[in-house]
Amino acid sequence: MNKHFFITALALLIVVSCSSQLNIDKLGNNAVILFNKGDYKGALSLFEKVIQLDSLNSEAYMRKADCLDLLGDLTGCLKSYSKAIELDNNNKIALYNRALTYEKIGDPRKAISDYRSAINCDPNNKSELDNKLIYMNLGILYGQLNQLDKAIEAFDNTLKLDNKYADAYHNRGYAYQLKGDHKKAIEDFDTAIKLNPNEQEYKNSKERSQRQLK
């Protein structure tokens, strides 16, 4: 599960004076350039300067959190994502990335809550972050918590958005396998194999269910 990082120029959320606006734009654009080059410390410093000039900028806090995540400061990362969400509770990518951070620190229930919020703030799936990825992560988390019916429901929602998503069929099949419904599991594994015939893991999963039916 990978975080979703912006690579475009910093979006500003409030109107400031013309000179301040130009300064923020310059700082934000330079920060993005440094981030894309892998200079996360340099980018972090510039995003913090943006925040000093515009303390209500949700995007700047989210970018700061992205830097802190890549620098290994998960506590600071969570704090900055939370501030971004406090300022804009419809910041879908901040919610998604905070969910992934909660997964990193071993708090799946908070991760699930954030994934749900990310979907709810974009029910029509209009943003660049596709809801199918969020449903996929939800399904995996529910599976890890042994909430298999919820996992299957999440994978169902993934496939409603993309019925050619081989991994979603495989993961749903695995959930059916864990429930002991090997016929449905094999059906999903067969679809996954048809979509991606070179993936050995799909074939191994199918063989496990076939052995259980003998």
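How are α5 and α7 oriented to each other, roughly parallel or roughly perpendicular? I opened the notebook with that one. The model is predicted, and I kept that in mind throughout.

**Entry 1: α5 against α7**

I looked up the axes of the two helices. Helix α5 covers residues 92–104, and its axis packs at about 25 degrees to that of α7. The axes are 12 Å apart. Angles under 35 degrees count as roughly parallel. α5 and α7 are therefore roughly parallel to each other. I noted the hand of the crossing too: left-handed.

Next I listed who makes the contact. From α5 I wrote down K92, Y96, L100 and E103. From α7 the residues are N131, I134, N137 and L141. Sorted by class, the α5–α7 contact has four nonpolar, two polar and two charged residues.

**Entry 2: the overall layout**

I stepped back to the whole chain. I found 11 helices and zero strands. Read along the sequence, the pattern is α-α-α-α-α-α-α-α-α-α-α. The C-alpha trace spans about 75 × 30 × 30 Å along its principal axes.

I then checked burial. The protein has 214 residues, and 46% of them count as buried.

**Entry 3: α9 against α11**

Which hand does the crossing of α9 and α11 have, left or right? α9 passes α11 in a left-handed crossing. Helix α11 runs over residues 200–213. Its axis comes within 11 Å of the α9 axis, and the two cross at roughly 25 degrees. With the cut-off for roughly parallel at under 35 degrees, α9 and α11 therefore count as roughly parallel to each other.

The contact list was next. α9 supplies A166, D167, H170, Y174 and Q177. α11 supplies E201, Y202, S205, R208 and S209. By class I have three nonpolar, four polar and three charged residues in this contact.

H170 sits in helix α9. Its relative accessibility is 5%, so H170 counts as buried, the cut-off being under 20%. What does H170 touch, leaving out residues up to four places away in sequence? The residues are F189, A192, E201, Y202 and S205.

I also checked E199, which lies in the loop between α10 and α11. E199 is partly exposed, at a relative accessible area of 28%. I looked up its separation from D167.

**Entry 4: salt bridges**

Side chains of opposite charge can pair when their charged atoms come close. How many salt bridges does the structure hold? I count 11.

*K64 and E48.* The closest N and O atoms of K64 and E48 are 3.8 Å apart. K64 lies in helix α3 (residues 58–70) and E48 in helix α2 (residues 40–53), so the bridge ties together parts 16 residues apart in sequence. K64 is buried at 19% relative accessible area. E48 is partly exposed at 32%.

*D162 and K132.* These side chains meet in a salt bridge at 2.7 Å, N to O. D162 is in the loop between α8 (148–161) and α9 (166–179), while K132 is in helix α7 (residues 131–144). The pair links distant parts of the chain, 30 residues apart. D162 has a relative accessible area of 19% and is buried. K132 is also buried, at 19%.

*R172 and D188.* Here the closest N and O atoms are 2.7 Å apart. R172 is in helix α9 and D188 in helix α10 (residues 182–195), 16 residues apart. Are these two residues buried or exposed? R172 and D188 are both buried. I then looked for further partners. D156, R172 and D188 are linked in a network of salt bridges.

Key. Residues numbered from 1 in each chain as written. Predicted model: local features only at pLDDT ≥ 70, side-chain atom pairs only at ≥ 80, totals over all residues. Heavy atoms only, no water. Salt bridge = Lys/Arg side-chain N within 4 Å of Asp/Glu carboxyl O. Helix = DSSP H or I, 4+ residues; strand = E, 2+ residues; numbered from the N terminus. Buried < 20%, exposed > 50% of the residue type's maximum accessible area, 1.4 Å probe, protein only. Axes fitted to C-alpha atoms, helices over the stretch in contact; angles between N-to-C directions. Parallel < 35°, antiparallel > 145°, perpendicular 65-115°, else oblique. Left-handed = near helix turned anticlockwise from the far one by under 90°. Contact = heavy atoms within 4.5 Å. Nonpolar A, V, L, I, M, F, W, Y, C, P; charged D, E, K, R; others polar.
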